[in-house]
Amino acid sequence: MLTDSILTLTTFVPIAGAIVVALLPRKGRIIQWWTLLISLVTFALTLHLPSHFVYGQQGFQFEENYSWITSPAIRYHLGVDGLSMWLVVLTGFLSVIGVLGSWNVIDKRTKEFYFFFLIQQTAMIGVFVALDMFLYYGFWELSLVPMAILIAIFGRERGSKTALKFFSYTFIPSALFLVAILWLYAKTGTFDYVELQRALTTNSALFAPEALWWVALAFLVAFAVKVPVFPLHGWLNDTIYEAPTAMAMVVAGKLGLYSILRFNLGLFPAQARIFAPCMITLAVIGILYGACIALIQTNVRRLVAYAMLSALSFCTLGIFSLSLAGLNGAVYQTINEGLTGSAFLILVGFLYERYGTYEMAQYGGLAAKLPNMATFYVITALSLVGLPLLNGFVGEFLILSGSFAPHARWTALATIGVILGAAYMLWMIQRIFYGPQSSLVIGSTAPDLVAREYLALVPMALLMLIMGVASPLWMHAINEGVSGLANSHNSSPALLHSRAVANTSATLAEER
């Protein structure tokens with residue numbers, strides 16, 4: 001049956017398509033059409049998950065769990081729950097949008113681009129579905145390679161340097177993450193997520209609290225860099241600017257935020273509670289810092305990068321509020337950021353195709369010439385600033401409401417980020433589309449949106465509205481996925497363990 005192997009098919013259809021891309025001739029648009037077909041098939045396969053998801057069923061669904069390597073004990077274990085299911089669907093959806101957005105932009109070395117693009121899809125889906133830590137780590141590391149290569153090949157100004165910077169930032173913490181995984185295996189004899197979770201919950205005497213603290217920290221740093229969490233965001237600005245649009249859409253947020261939820265909160269609830277005050281502080285700083293730097297940008301592509309930092313910091317705030325509403329909001333906002341942030345990048349790319357510049361000062365009065373594009377820009381901007389009835393409002397409201405009771409002062413500061421977000425987004429819209437027409441706009445004969453661009457933008461705009469007014473369609477599964485995480489942080493064993501680790505840390509500090 002399809003259900004028995006749906007996750008394997010969804011994960012590996014893109015890489016099978018990549019192998020075919022490597023064999024296709026560089027003639028016409030055959031490579032683009034083939035990649036679009038594979039992306040559509042992958043997206044169709046992801047839709048099998050929500051259509052057959054059993055609400056109320058505990059644990060993971062669509063599981064595939066087979067012995068892979070006997071020694072060390074590595075299993076081929078895949079599965080999804082409400083936490084990961086919609087992220088898999090989002091990845092499949094954005095792969096189609098990425099192909100449409102790259103159709104005319106990537107006109108040289110198309111074979112290399114679409115080959116690595118499809119490998120990236122396999123890596124990302126694999127991260128969301130892998131339930132064996134060794135298998136997960138393989139997909140996690142694989143996700144770095146296509147991105148770095150494509151930045152090096154297609155970077156606009158400093159491609160090779162930016163690729164090295166991105167790879168260094170993300171690979172070095174991942175090496176420490178691997179050491180932490182191996183330590184857990186040495187203690188438990190398994191890489192399986194479910195077995196590790198059981199061992200950490202029921203056999204806490206097996207682990208020294210201070211050692212477990214360091215292991216949890218290694219996990220957290222590796223994931224926080226990938227989000228990125230302030231001040232580990234040094235790679236983000238250049239990467240968003242240099243990366244092809246289709247790759248910039250997936251470079252930040254989803255993998256890191258999901259991994260924090262799944263592994264830090266899922267495996268180390270007591271340690272996550274200890275880290276929470278620090279992470280909340282960094283999240284609020286990231287919200288305000290990203291918004292303030294976005295306000296002074298003159299380059300719209302770099303504005304996107306800092307807007308992402310601010311928006312993703314909201315997700316970090318929701319996660320470490322450790323409340324059910326905050327966790328629900330963090331997951332929902334992760335999906336929102338993947339959708340709306342990608343729409344923003346696609347629109348910026350379409351503008352660059354026509355005018356060849358990201359500098360806002362060179363635009364002005366563009367709405368008179370490109371009214372349809374202006375409409376999509378406004379819808380996307382209003383979604384990003386959290387206008388009620390659009391998807392961004394739901395996520396922000398849940399995060400702020402879930403964070404306010406335990407962290408009122410920090411949450412109050414975070415709300416300033418909402419105001420600043422509205423300021424830089426509306427300022428950007430005003431400068432580019434309204435006011436007197438610039439000489440660049442007056443002398444241009446660039447067309448408004450064409451059919452291919454409508455195919456990319458209309459579904460995204462509709463989803464922004466539907467997710468704003470019908471959020472329970474998504475929230476039902478998400479709530480089931482994160483309720484266990486919230487319960488583990490409100491249970492007495494976790495609190496007792498947290499106090500024990502905190503006391504141990506205090507004792508160690510006194511001894512030093």
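Arg109 is found in the loop between helix 3 (85–102) and helix 4. In this predicted model, the residue adopts a positive phi of about 50° although Arg109 is not a glycine. With a relative accessible area of 46%, Arg109 is partly exposed. A second residue with this backbone feature is Leu322, whose phi is positive at about 60° although Leu322 is not a glycine either. Leu322 occupies the loop between helix 14 (300–320) and helix 15 (324–355). Whereas Arg109 is partly exposed, Leu322 is buried, its relative accessible area being 6%. Most residues other than glycine have a negative phi, and most peptide bonds are trans.

Cis peptide bonds were also identified. The bond from Ser71 to Pro72 is cis, with omega near 0°, and Pro72 is located in the loop between strand 1 (61–69) and strand 2 (74–80). Val227 and Pro228 are likewise joined by a cis peptide bond, for which omega is about 0°. Pro228 belongs to the loop between helix 9 (209–226) and helix 10 (236–242).

The loop between helix 4 (110–129) and helix 5 contains Ala130. This residue counts as buried, at 1% relative accessibility. When residues up to four places away in sequence are not counted, Ala130 touches His77, Leu78, Leu135, Tyr136 and Phe139. Of these contacts, His77 and Leu78 fall within the range of strand 2 (74–80), while Leu135, Tyr136 and Phe139 fall within that of helix 5 (residues 133–142). The C-alpha atom of Ala130 is separated by 27 Å from that of Ile274, a residue 144 positions apart from Ala130 along the chain.

Helix 5 (residues 133–142) packs against helix 6 (residues 144–154) at an angle of about 5°, and the two axes are 4 Å apart. The two helices are therefore roughly parallel to each other. The contact brings Trp140, Glu141 and Leu142 of helix 5 together with Leu144, Val145 and Pro146 of helix 6. By residue class, this contact comprises five nonpolar residues, no polar residue and one charged residue.

Aromatic pairs were then examined, and a search of the whole structure finds 40 of them. One of these pairs is formed by Phe134 and Phe191, which are tilted, with a distance of 5.7 Å centre to centre and 55° between the planes. Phe134 lies in helix 5, whereas Phe191 lies in the loop between helix 7 (159–188) and helix 8 (193–202), so the pair ties together parts that are 57 residues apart in sequence. The two partners fall into separate accessibility classes: Phe134 is partly exposed at 34% relative accessibility, and Phe191 is buried, with a relative accessible area of 2%.

Another pair, that of Tyr352 and Tyr358, is stacked, with the ring centres 4.3 Å apart and 15° between the planes. Tyr352 is partly exposed, with a relative accessible area of 31%, while Tyr358 is buried, with a value of 4%. Ring pairs additionally link Phe60, Tyr136, Tyr137, Trp140, Phe177, Tyr193, Phe219, Phe223, Phe263 and Phe268 into a cluster.

A disulfide is a covalent bond between the sulfur atoms of two cysteines. With sulfur atoms required to lie within 2.5 Å, the count comes to zero disulfides. For Cys278, the closest cysteine sulfur is that of Cys315, at 18 Å, which is too far for a bond. Cys292 is in no disulfide either, the nearest cysteine sulfur, again that of Cys315, being 19 Å away. Cys278 is partly exposed, with a relative accessible area of 46%, and Cys292 is also partly exposed, with a relative accessible area of 39%.

Definitions and conventions: Residues numbered from 1 in each chain as written. Predicted model: local features only at pLDDT ≥ 70, side-chain atom pairs only at ≥ 80, totals over all residues. Heavy atoms only, no water. Buried < 20%, exposed > 50% of the residue type's maximum accessible area, 1.4 Å probe, protein only. Axes fitted to C-alpha atoms, helices over the stretch in contact; angles between N-to-C directions. Parallel < 35°, antiparallel > 145°, perpendicular 65-115°, else oblique. Contact = heavy atoms within 4.5 Å. Nonpolar A, V, L, I, M, F, W, Y, C, P; charged D, E, K, R; others polar. Phe/Tyr/Trp six-rings, centres within 6.5 Å; stacked < 30°, edge-to-face > 60°.
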